[in-house]
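Dear colleague,

Please find the structure below. My notes on its pockets and on one residue follow.

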Amino acid sequence: MFLLMFWLLQAPTPALENDYVRVMRDATTCASSEPVECGDRVIVALGNIELRFGKSRRKMTRGDIAVFKHGESYKTPSGGSYFEVNIKPNHPPVLSPPEIIPPEKNAIRYDGKRFFIFEERLAVGDTRPRHSHSQRVVMQLNRTRLQQWPDGQPGIFVDIVPDRAAFNPPVIHTAKNVGNAPLRGIVIEFKPEPKKPSSK
């Protein structure tokens, strides 16, 4: 009993966890893909780190990503800060907005079967026209401020806080960077569920 309590106290606490993902900060729980709760995983560098996998060694800087599919393993990164994002293999159906409108001015970094990853970019004073998002994990890299206009709702201001992970609901909105720094973040967005064939 004592050893169990000691282990629980020493176990790292997720930075974010829900039915879809588990996000660890500066720790890994899925470096080996053997645990059944580990699916595809994404390493997001928040600083200068070194990542080893197989016989390879990769140096990563802030904002770099590495994607590992189920069955692939890696060593716990060394040298700096990072997030490990585990996409849970049996998560509930993805929630998406009624209209899919790709956002402009972002850069796709990875495009997989169930999710894609993009670097979110928006210069100071710039506006991103009306666009949509499905459920997603957002990890911002700069501190700034956005003004957003969600469909059917009043405009809001959002203070962007770097180096933390958030899980955002589906939305259709317009966004403007009203802060003092460019918007820059890494977003892991789930793809909409495949449409079921009509029974007609």
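The second largest pocket has a volume of about 200 Å³, the volume being the space filled by probe spheres set on grid points joined across faces, edges and corners. Closest to its centre, among 13 lining residues, are P102, P103, F116, S132 and E189. A pocket here is an open set of points on a 1 Å grid over the protein atoms alone, where a 1.4 Å probe fits, with protein on both sides within 12 Å along at least five of seven lines; lining residues have an atom within 4 Å of a point. Two or more residues of this lining come from each of β9 and β16 (strands are DSSP runs of E, at least two residues, numbered from the N terminus).

The model is predicted: local features need pLDDT of at least 70 and side-chain atom pairs pLDDT 80 or more, while totals for chains, interfaces and linings use all residues. Residues are numbered from 1 along each chain as its sequence is written, and side-chain values use heavy atoms, without hydrogens and water.

P103 lies in the loop between β7 (82-87) and β8 (107-111). With 26% relative accessibility, P103 is partly exposed (between 20%, under which a residue is buried, and 50%, over which it is exposed; 1.4 Å probe, protein chains only). Leaving aside residues up to four places away in sequence, P103 touches R128, H131, S132 and H133 (heavy atoms within 4.5 Å).

The largest pocket holds about 570 Å³ of space. Of its 30 lining residues, R136, Q148, V158, N168 and H173 are the closest to the centre.

Kind regards

Technical notes. Helices (H or I, at least four residues) and strands (E, at least two) are DSSP runs, numbered from the N terminus.
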